[in-house]
There are 4 protein chains.
Amino acid sequence: MSNKQRIGIVGGTGYGGAELLRLLARHPDAQVVAVTSRGDAGTPVAQAYPQLRGVIDLDFVAPDPNNLRDCDVVFFATPHAAAMHDVPALLDAGKRVIDLSADFRLRDARLWAHWYGTEHACPELIERAVYGMPELYRSSIADADLVACPGCYPTAIILGFKPLIDAGLVDLDHLIANAATGVSGAGKSLKPGFLFAEMADSFKAYGVAGHRHLPEIRQVLGDLSGSAASQIGLTFVPHLVPMIRGIHATLYAQLSGQADLQALFETTYANEPFVDVMPPGSTPETRHVRGANVCRIAVHRPGDGNEGNTAVVLSTIDNLVKGAAGQAVQCFNLMIGAPENQALTDPGALP
Amino acid sequence: MSNKQRIGIVGGTGYGGAELLRLLARHPDAQVVAVTSRGDAGTPVAQAYPQLRGVIDLDFVAPDPNNLRDCDVVFFATPHAAAMHDVPALLDAGKRVIDLSADFRLRDARLWAHWYGTEHACPELIERAVYGMPELYRSSIADADLVACPGCYPTAIILGFKPLIDAGLVDLDHLIANAATGVSGAGKSLKPGFLFAEMADSFKAYGVAGHRHLPEIRQVLGDLSGSAASQIGLTFVPHLVPMIRGIHATLYAQLSGQADLQALFETTYANEPFVDVMPPGSTPETRHVRGANVCRIAVHRPGDGNEGNTAVVLSTIDNLVKGAAGQAVQCFNLMIGAPENQALTDPGALP
Amino acid sequence: MSNKQRIGIVGGTGYGGAELLRLLARHPDAQVVAVTSRGDAGTPVAQAYPQLRGVIDLDFVAPDPNNLRDCDVVFFATPHAAAMHDVPALLDAGKRVIDLSADFRLRDARLWAHWYGTEHACPELIERAVYGMPELYRSSIADADLVACPGCYPTAIILGFKPLIDAGLVDLDHLIANAATGVSGAGKSLKPGFLFAEMADSFKAYGVAGHRHLPEIRQVLGDLSGSAASQIGLTFVPHLVPMIRGIHATLYAQLSGQADLQALFETTYANEPFVDVMPPGSTPETRHVRGANVCRIAVHRPGDGNEGNTAVVLSTIDNLVKGAAGQAVQCFNLMIGAPENQALTDPGALP
Amino acid sequence: MSNKQRIGIVGGTGYGGAELLRLLARHPDAQVVAVTSRGDAGTPVAQAYPQLRGVIDLDFVAPDPNNLRDCDVVFFATPHAAAMHDVPALLDAGKRVIDLSADFRLRDARLWAHWYGTEHACPELIERAVYGMPELYRSSIADADLVACPGCYPTAIILGFKPLIDAGLVDLDHLIANAATGVSGAGKSLKPGFLFAEMADSFKAYGVAGHRHLPEIRQVLGDLSGSAASQIGLTFVPHLVPMIRGIHATLYAQLSGQADLQALFETTYANEPFVDVMPPGSTPETRHVRGANVCRIAVHRPGDGNEGNTAVVLSTIDNLVKGAAGQAVQCFNLMIGAPENQALTDPGALP
């Protein structure tokens, strides 16, 4: 056990934290030594999460830096604007940090403050953070000591647009990302709209005027296309589905040239362990990725010609796995030099 | 009772038929006298639909024209390609027909045959049919003896695009209708994909290559814009939501001019009893229209300018009410000169 | 309109209040004149409940007695321990009160204090209250000025046991009520366990050690059997189902004699407008009563003899209608001498 | 790989088959070499189950004995009355068989014929079969060449009653098992009642007159108590919950003596790897066992004395894991001398 990385999880009562515990419990190179919770300190982790009875034998501890002093790697599974207060000291102490929250995703601290409603606590560290999407930044992640894991929507949307943008095939002024999510993306927020009685048997859009994931998507699509984020004309409308897990993005792009889209996608992701391009004509379902660290993608060119030059990409992930904890473990594997798929090979249970 | 219209319902075991029975049960000007079912003839209607115990005291009869001879008005709630075989004789016998199926929606019989996989049985009657959307064709419906009720997706999508197209404000080459439906739109089809175990807790697109409602929507948007249907560049991607009822359409259009979109929508529908333009910033939920004959609409101009000239319209209906049986009763009211909202004023139950 | 009863609803933001608004909106003898809400005073009712846009044109007012001074009848749709503070003054002012909460259901003020955790504010009024279950106390309700509407579980369970107890057929020491509820029975409580992510796709028992509805059921079963409540040996285990509405009670009783149970149930409820005894062998589903003011019941004598003398009763209601607002309107109809089924005849929408 | 057991799965398109594939895919001592399907022979397994893309690289083969000739162990995940036709030849060929269906569960061939509606094809083999519940028959399973895996309801119910019956504490004439299941227990049956539109947002009992799992439960409870099955007075009422997976049994028994029930349960299962007795007062939820091979149990003595001598046991399993495929793999592990928990240690994903 002496060679295992000692892991701390900050914010262990949320869904991201629980999913980290599930994945790391069987990771041969990781040993979770501290799980913090402001509200549940002193009670067993398995009391909050009975499915972990017999799997995790730790009590929650207070989110006190001292409780993380024995860790090699600290995962933050906190709401936004929490990690940024603790990360500087942890980095100074030589620990590596994987942040599942939004704190280090945007390179522009002013933009971050605009969308998150507070000043950034350590803008000087933003540049040091690597965006934790291995399909784009694999080698940088391996060397990083601060990884900013992407949001769930950005993961599905960026992986879906990437082949088209890499190939310079689409009009960047008129991209549309129509996306739908299960409610676990909102965590355990006690808001009326997330009550079963309010959201079961219903469907709605939300955040039409602007969602916090929009600037993050624009920034990365800008990187991919060699443009400024402000040049990416993207309309993003998220929707809430009465389901627990899953992100489904339906992407629309105007093609500016001819290409075999299926071949383009298959080639782009031929060597990616966690992006699965489905056969032509497929419509991936969120249950096909439930519990698994995989993004399943299909690309379509609909219609009989009347639809003109529109490409449609369908991109699905589990928001808690490839959209959060799984992607974080994938980054962790890269950082410690383990096989990238360590502890991430389980297919989900279906139905 | 002698002044009531005597009603026949063909295809009474489906969800459209059940919803007609619910609405007509309390209609002061209607008396249901015959409900047909191929499989359940001879058994009480209330055995198939226990919620109608004490409300409907009829047995299903075989779908034999003779069983409809006492009717003044016949509603078809059948799968496609059924009504077209019986309608000619019913019209000859002086009855008025309201068809909830697809048989008389498309004006082009060849296009119909292409999409529905069989030749049309009475193409000469197609021209006689009036498209049963009162917001577009109110006066023609009043005089019609054959009404072709719109599909559920077309109802939500056409009502959502109408103000923009009427005003000549949008680029007709790049319309996008991203829509989501509850499963009751598929009726009681015994297909694996509609099993609870297959579709609960999941979300997917379907019919990306082409859905039967697409030519119907193009035809009507063509009418609205004064263009041929073939000139309407519409991409339509439907999705399946784990819910029973509801259609939610998220419409994207490129604006070609400036306008106060909220005012435009409110003005367009100011006098419509069953189209409700929500306040600015609203996100209508399908549960807000569940069980009710209403289309709730919101219009948005998202973002901070980077999204350019994209308008987003959110349009919701109950697929079985404003998308089927309710709209059919609305047409019926117009046809018999009753108040248009007769038997259609109940708000739905929520939650 | 001058002959209509002027109605006040206290606690209008909850689900019981919303359901009252739905039912009373179309009641020919009622005019809702005041709807109170502590948190939403000053905002339109239809903003909280968009399905009521165009149906209710009132703003919420503060729960100030002055705002109820014009009412003839006041409905309380509040959490427990609220109505008891306001009812005395309302009765003094000559108003009639229909309380959907628990405040006046138990005749024993000490027992009430034990289960509800606070002293009763007006124990002297408890005796004046009539238990609002028309099938048991119809004539007293008609004359009452204070009606204590039953809880949702008690309604389903008492109506299910009543024929057996009336006939003296069962062992009162070993009654079992295994019941299941949709989550709307908990109202809009912001508790983690009622979040969609926590209760969807799962099932559990709760309150096994003792649920507040237990003493209420025992009291009424005692009345029916001529025993003290303390003599009723009832085990009651409630369960939470991932659905919005509905109560389903599965009742087990040891028969102490022989009887034609089907005939017994049919005779007992032959003249009841809102209790529907299903045909032999039926298994009523909660969706069969969704949105409707009806209790659907089936009685079974399972097995081949090995199960001995056990009778099984299945009893279903919509917790918000026959289990709350609908039953309250049924009482209101009796109180004002209107037809008992006024505004209560709609079948629910299914599916 | 030469030391791995070569596995055949008959009936691979059903949910039990898919779950076997998920569990065996990572089993170090198993190599799935043949998966049969009558309807899908020739197509890739991963086409029917996209979540298995990259995990299983086999095509379905026809259910022809020849296709199983290379197997060491054959699992049957077929509907009842299928395995019994193929098992004799497989045993003759020296293979070991683990049958997840009902064919070899009942020791009385006449009783089997009564409940399953057809004569048993090889009654002479029934006695050779060992009932595959390790908690009761561990050593016999290890030596068996034919294992009859228990039904899902029997697993939850028998494990729940076992401590009470072992201790001789309960009245065997008045046992009640009120149970609820997710719909995956019905497999992919194309029956209207299993459609999403028919069972979502609803709850019902079914099979009240007699369910096929009843004689199986009686047989085993008889074994436990030293009585004939016919002496077990058990009333069993199953219910259908709008959820995918999970069994929840609420068991009622009349105590005939005094005991510390919590201690009794903890002692009984102290050494069982897959039965988890929860702390006093717990109410296990089906999601707590979702995807995991575990039975979580709580025991209660409700009330304040008025409920008399009734014990209530809450017992939950995942019907597809501990109720089917997981228990089958547990038996397989015993049969091959592997650690009993091999490939069965994953906690489920929650939420």
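The structure is a predicted model, in which local features need pLDDT of at least 70, side-chain atom pairs count only at pLDDT 80 or more, and totals for chains, interfaces and linings use all residues. Residues are numbered from 1 along each chain as its sequence is written, chains are lettered from A in the order in which they are written, and side-chain values use heavy atoms, leaving out hydrogens and water.

In chain D, seven strands make up an open sheet with mixed pairing, in the order 8-9-7-10-13-12-11. Helices (H or I, at least four residues) and strands (E, at least two) are DSSP runs numbered from the N terminus, and two strands pair if DSSP finds at least two bridges between them. Strand 8 (204–205) and strand 11 (275–277) of chain D sit at the edges with a single partner strand each, so one side of each has no neighbour in the sheet. Further in, strand 12 (residues 295–300) and strand 13 (residues 310–317) of chain D pair antiparallel over five bridges; Ala298(D), for one, has Leu314(D) as its bridge partner.

Turning to chains A and B, 51 residues of chain A touch 51 residues of chain B, contact being heavy atoms within 4.5 Å. Together the two chains bury about 4100 Å², 52% of it on carbon and sulfur atoms; buried area is the accessible area (1.4 Å probe) that two parts lose on being put together, summed over both. Six salt bridges cross this interface, each a side-chain nitrogen of Lys or Arg within 4 Å of a carboxyl oxygen of Asp or Glu. One of them links Arg290(A) to Asp201(B), with the closest N and O atoms 3.2 Å apart.

Chains C and B also meet, with 28 residues from chain C and 28 residues from chain B in the contact. Here the buried area is about 2500 Å², and carbon and sulfur atoms give 60% of it. Gln51(C), Arg53(C) and Pro351(C) supply 27% of what chain C buries against chain B, more than any other three residues. There are four salt bridges between chain C and chain B; Asp346(C) forms a salt bridge with Arg26(B), the closest N and O atoms being 3.1 Å apart. Helix 1 (15–24) and strand 11 (275–277) of chain C each put at least two residues into the side that touches chain B, and helix 1 of chain C gives the most, with four residues.
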